[in-house]
Amino acid sequence: MVRADPAVRVELEAAGWAVIAGSWGAGLAIGGDSEGRLAALMRRVERLVTVRELRSSDVAAILDLDAVTAGDYPGDVATAHDRLNSAQATPTIVHRGWGAFRPEGQLVGMTYVDVGEKAVETDFTVVQQEMRGRGLGTAVKAASVLALVEEGYVWFRTGGSLDNPASIAANRALGYVLDEEWLTFARTGSTPGPRGPRRAA
Ligand SMILES: CC(C)(COP(=O)(O)OP(=O)(O)OC[C@H]1O[C@@H](n2cnc3c(N)ncnc32)[C@H](O)[C@@H]1OP(=O)(O)O)[C@@H](O)C(=O)NCCC(=O)NCCS
């Protein structure tokens, strides 16, 4: 995976590599009306779901939602999502999650973040297929950012596949500004392409 650069692309394609996927990174710096905008995105879904931070008692529900959505992540290695095991699904102080619960208690959307010293980076976000397009993906991310802003975090990162319009639209609504584009190349045949850091949103 390499930074998207027309000259590098021409060079790699001439050398027998082909683009197999594109991905992007984006940043959100809290300031101005960010918090008001994020709160409004949460209010849009309050009749449908309750959004709250995930706890270790939610692990069974988290694994169930992960299992039914594991094949839904577009893109290639740069935006891949590996099935969670119980340890990975258990929230910790550096890997925290927020979820959307239906009134009967079913978890239908979730986002996890990696909390770093300098920035909070989205690990992944997913919504149950039947509940997509109703603002839940945006709302769980808004909830995570708002809660962490309360704790003093001001710099957030996310990313995803260029083939994922819903994810791009959700992050744009949250205020993320796209600042990186990456291309994943592969050789015609089976040789894997140059690879770089993984990003998912
Ligand atoms: C990406 C995902 C989490 C978005 O969740 P969602 O609840 O469907 O998204 P929302 O309803 O909050 O919609 C977000 C925006 O995307 C738009 N959108 C939703 N589905 C769309 C689609 N299929 N194509 C284009 N735009 C779409 C919405 O209109 C909205 O934009 P707006 O705020 O400008 O109106 C969800 O599609 C999903 O679970 N995908 C599979 C896993 C994945 O790819 N996760 C992201 C990478 S980690």
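I began with α5 and α6, whose axes come within 9 Å and cross at roughly 40°. The crossing of α5 past α6 is right-handed. I listed the residues that make this contact: G137, T138, K141, A142 and V145 from α5, with A166, A170, A173 and L174 from α6. By class they divide into 6 nonpolar, 2 polar and 1 charged. I note here that the model is predicted.

Next I looked up α2, residues 34–43, against α5. Their axes come within 8 Å and cross at roughly 140°. The cut-off for roughly antiparallel is over 145 degrees, so α2 also goes down as oblique to α5. I checked the hand of this crossing: α2 passes α5 in a left-handed one. On the α2 side I found E35, L38, A39, L41 and M42. On the α5 side I found T138, A139, A142, A143, V145, L146 and V149. The contact of α2 with α5 has 10 nonpolar residues, 1 polar and 1 charged. I then compared the two lists for α5. T138, A142 and V145 face α6 in the one, and T138, A142 and V145 turn up again in the contact with α2.

I traced the strand order next. 8 strands form an open sheet, running β1-β8-β2-β7-β6-β5-β4-β3, with mixed pairing. Where are the edges? I found them at β1 (2–3) and β3 (50–53), each of which pairs on one side only.

I followed β2 in both directions. Strand β2 (residues 17–29) pairs with β8 (residues 177–187) in the antiparallel sense over 10 bridges. In that pair, A21 stands opposite T184 of β8. β2 is also joined to β7 (residues 155–161) by 7 bridges, and these two strands run antiparallel. Here I picked out S23, whose bridge partner in β7 is S161.

I then went to the β3 end. β3 and β4 pair antiparallel over 4 bridges. E53 stands opposite W98 in β4. β4 (residues 95–101) is joined in turn to β5 (residues 107–115) by 7 bridges, again antiparallel. I marked one partner pair: G97 bridges to Y112 in β5.

Last, I looked at the hairpin of β4 and β5. How many residues lie between the strands? I counted 5 residues there, and G105 in this hairpin takes a positive phi near 105°.

Methods: Residues are numbered from 1 along each chain as its sequence is written. This is a predicted model: local features need pLDDT of at least 70, side-chain atom pairs count only at pLDDT 80 or more; totals for chains, interfaces and linings use all residues. Two strands pair if DSSP finds at least two bridges between them. Axes are lines fitted to C-alpha atoms, for helices over the stretch in contact, and angles run from 0 to 180 degrees between N-to-C directions. A crossing is left-handed if the near helix is turned anticlockwise from the far one by less than a right angle, and right-handed if clockwise. Two residues are in contact if their C-beta atoms, placed from the backbone, lie within 7 Å. Ala, Val, Leu, Ile, Met, Phe, Trp, Tyr, Cys and Pro count as nonpolar, Asp, Glu, Lys and Arg as charged, and the others, Gly among them, as polar. Angles under 35 degrees count as roughly parallel, over 145 as roughly antiparallel, 65 to 115 as roughly perpendicular and the rest as oblique.
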